[in-house]
Amino acid sequence: MMSQEQNDQLTRVGPGAPAGDVLRRYWQPAALSDELVAERPVVPVKLLGEDLVLFRDNSGKLGLIDRFCPHRGVDLCFGRREDDGLRCPFHGWHFDRTGQCVEQPGEPEKSQMHTQIKVTSYPVEEKNGIVFAYMGPGDPPPFPALDCFAAPDSHVFAFKGLWECNWLQALEVGIDPAHASFLHRFLQDEDPNEGYGKQFRDRAADTDIPMTQLLRDYPRPEIKVEETDYGLRLIALRHMPDGRSHVRVTNQVFPEAICIPMSNEMTITQWHVPIDDETCYWYSMFVSFGKPVNKTLMREQRLKEHRLPDYAPVRNKRNNYGYDPDEQRDLTYTGMGLDINVHDQWAVESMGPIQDRTREHLGRTDVGISRYRRLMRAAIAKVAEGSTEGLPMLGEGDLAEVKGPVAIDAIGPSDDWDSLWRDSDAARRTACSWDAAL
């Protein structure tokens, strides 16, 4: 259990909040590039409790500025996109990508008042289908050479989804290797050949065992956690009676991302991005080490489960997540359909908007969650001192050398499990059509 003060420290993200101060030192997903594919590429963004507007100006460059005009407070999402900026329809005040007011056409002709007016603006960068923002002090850090950034656009598909809960409980479901054997349990196995674009539908490693069967048959993984230059590596070992073990390697990429295997061909790098204290988006980059991603199919699969423009899930707490007791008896552990995102969504939303961790009782399988909280508390303390020394991906070291991370499923002799996953990943990277070398 933890105190309420500790829980608040880890969960609150607004300006000046301890966890928020840490998150602001890192690039944060702000929108999908797809959201700007429109005749008028201007979209509202709420990120870390701040209301902003993201736009692509007439020259094609991106800007992210305060959503509300500093004159009388009207919404700049309705601004006129012209002259490489946004012009407020109320009185014509014009703002460029840096947030600088460059014109006040209603003021006296020689007025220089506009030179003294500048709204909040943040640097933005577009990477493989996601627009990232840096909201912290000083210059933004470089991007690490993670697989999701190193892969060509043809081999990456990006999507997002809304969850009505605090970012931390959204993240923690992804660093809990044991839950997959229960929350995502299928009582019947589908044909792995029909599982493209779906998690846990492939074969387990290079065997003919459906991944759903393996997770169901071996519900007590041995979990090991290692600190790395990017955060944490989690290794879940499911020991089989024939002397083999299934090794599943997942990762916590600091501060609020995970990198996990999706299939033998793809990995998922997923950020859990606070909108405010009580809602968040997950942003995912699906990376293929084999053929180019079938983006049309993967988008169609996910749009069946989400509405636009807010990417809210069709199944949600207002319709009980589509819960069907007959399905729970015969087909899935949850009775909430075959999309595992819905299972995770129910789990994290049912805890409440902000989980009350003063009442929880962690077990041995929660070792990743415990280690992450210690890592985050240490980062909060460092940032409060005005330092980023020792923080994953912010301290000493070349971020161009932070690669991968390895996220893979492998099966082989139990006494050789540690080299097994490394060798399996090395073989996959050697055969990759793009430069995936570590």
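Me: How many helices and strands does the secondary structure of the chain come to?

Reply: Helices (H or I, at least four residues) and strands (E, at least two) are DSSP runs, numbered from the N terminus. In this chain there are ten helices and 22 strands. The model is predicted, so local features need pLDDT of at least 70 and side-chain atom pairs count only at pLDDT 80 or more, while totals for chains, interfaces and linings use all residues. Residues are numbered from 1 along each chain as its sequence is written, and side-chain values use heavy atoms, with hydrogens and water left out.

Me: Which percentage of the residues in the chain is buried?

Reply: Buried means under 20% relative accessible area, exposed over 50%, and partly exposed in between (1.4 Å probe, protein chains only). Of the 438 residues in the chain, 55% are buried.

Me: How many aromatic pairs does a search of the whole structure find?

Reply: A pair of aromatic rings is described by the distance of the centres and the angle of the planes. Rings of Phe, Tyr and Trp (its six-membered ring) pair if their centres lie within 6.5 Å; planes under 30 degrees apart count as stacked, over 60 as edge-to-face and the rest as tilted. The search finds 16 such pairs. One of them, tryptophan 27 with phenylalanine 143, is stacked, at 4.7 Å centre to centre and 20° between the planes.

Me: Where do tryptophan 27 and phenylalanine 143 lie?

Reply: Tryptophan 27 lies in the loop between α2 (18-23) and β1 (28-32), and phenylalanine 143 in the loop between β10 (130-133) and β11 (145-146), so the pair ties together parts that are 116 residues apart in sequence. Tryptophan 27 is buried at 9% relative accessibility, and phenylalanine 143 is buried at 16%.

Me: Why is the pair of phenylalanine 254 and tyrosine 372 tilted?

Reply: The ring centres of phenylalanine 254 and tyrosine 372 are 6.1 Å apart and their planes are at 45°, so the pair is tilted. Phenylalanine 254 is in the loop between β15 (244-253) and β16 (257-261), and tyrosine 372 is in helix α9 (residues 367-384), 118 residues apart. Phenylalanine 254 and tyrosine 372 are buried.
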